[in-house]
Amino acid sequence: MQSATVTSFNPGTRFVEAPWEAPLDVDEALRSIPATATISGMFLAPLAIEAKRIGVVLPSARERYVPYRFYPLVEHAQMLIETCDRVYPAMPLRQALRRLGRGAPRALVASTLGKVVFASADGVADVVDALAKAYPLNARPSRTELLERGNNHVIVRLEEVHYFLDSHHVGAFEGALKYAGVEGTVLFAPRGKASGDLLLQWSA
């Protein structure tokens, strides 16, 4: 991994650190997920497989998940919470969700489509773009847009991401930076309960 000072980019004051230590109302978060929202099984399967490997029971998990079948998003969100409670009980919940989010690039690369998309990525911004483009393909509904792309920063807009936007998904893009082999930061600017912008900055 490259090691250098993160290049500073000043987009104003709207981007801040995600509220890592703030309490999270889990019941409200789960209730707010639309019943029609779905997600690819490739993101549920690793949680269930790892839980079995370490002998942890996730009450919401099914016996098996098919990677390219879509499942209720609320089921995935519940499994994330159960994993946090059982695997990272001493960690603040938002931090645990962040940690799980960092595995998103690995889950994508494990798929045939993900291998192709990430293999064609040339540079950090392309890796971030590949992850962003995977959202509407794998989580429905969701929309993404690259608002800005610079030498050492990218701004990504996420819309209709109905679960743990300011924790789990910040972690997902931290995982993208790590996958790209750079050190960097991800700051967050909320735009609503299911919409927000992420500023990713990394070292030269």
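Keep in mind as you look that the model is predicted.

Three strands make up an open sheet, arranged in the order β2-β1-β3 with antiparallel pairing. The edges of this sheet are β2 (70-72) and β3 (139-140), and each has a single partner strand, so one side of each has no neighbour in the sheet. Strand β1, covering residues 38-40, runs antiparallel to β3 and is joined to it by two bridges.

Helix α3, residues 73-87, lies across β1 and β2, and its direction makes an angle of about 70° with β2.

From α3 we can move on to another helix, α4, which spans residues 93-101. The two helices pack at an angle of about 110°, and their axes are 9 Å apart. Angles of 65 to 115 degrees count as roughly perpendicular, and therefore α3 is described as roughly perpendicular to α4. The crossing of α3 past α4 is right-handed. On the α3 side, the contact is made by L80, I81, T83 and C84, while α4 brings L93, A96, L97 and L100. Sorted by class, this contact between α3 and α4 has seven nonpolar residues, one polar residue and no charged ones.

Next, turn to a loop. Between α6 (112-119) and α7 (124-138) you will find A121. Setting aside neighbours within four places in sequence, A121 is in contact with D126 and V127.

Our last stop is another pair of strands. Strand β6 takes in residues 184-192 and strand β7 residues 195-202, and they pair in the antiparallel sense over eight bridges. What joins β6 to β7? The link is a hairpin, which passes through two residues. To see a bridge of this pair, look at G192, whose partner in β7 is S195. As you follow strands like these, remember that in a regular strand the side chains alternate between the two faces of the sheet.

Definitions and conventions:
Residues are numbered from 1 along each chain as its sequence is written. This is a predicted model: local features need pLDDT of at least 70, side-chain atom pairs count only at pLDDT 80 or more; totals for chains, interfaces and linings use all residues. Side-chain values use heavy atoms; hydrogens and water are left out. Two strands pair if DSSP finds at least two bridges between them. Helices (H or I, at least four residues) and strands (E, at least two) are DSSP runs, numbered from the N terminus. Contact means heavy atoms within 4.5 Å. Axes are lines fitted to C-alpha atoms, for helices over the stretch in contact, and angles run from 0 to 180 degrees between N-to-C directions. Angles under 35 degrees count as roughly parallel, over 145 as roughly antiparallel, 65 to 115 as roughly perpendicular and the rest as oblique. A crossing is left-handed if the near helix is turned anticlockwise from the far one by less than a right angle, and right-handed if clockwise. Ala, Val, Leu, Ile, Met, Phe, Trp, Tyr, Cys and Pro count as nonpolar, Asp, Glu, Lys and Arg as charged, and the others, Gly among them, as polar.
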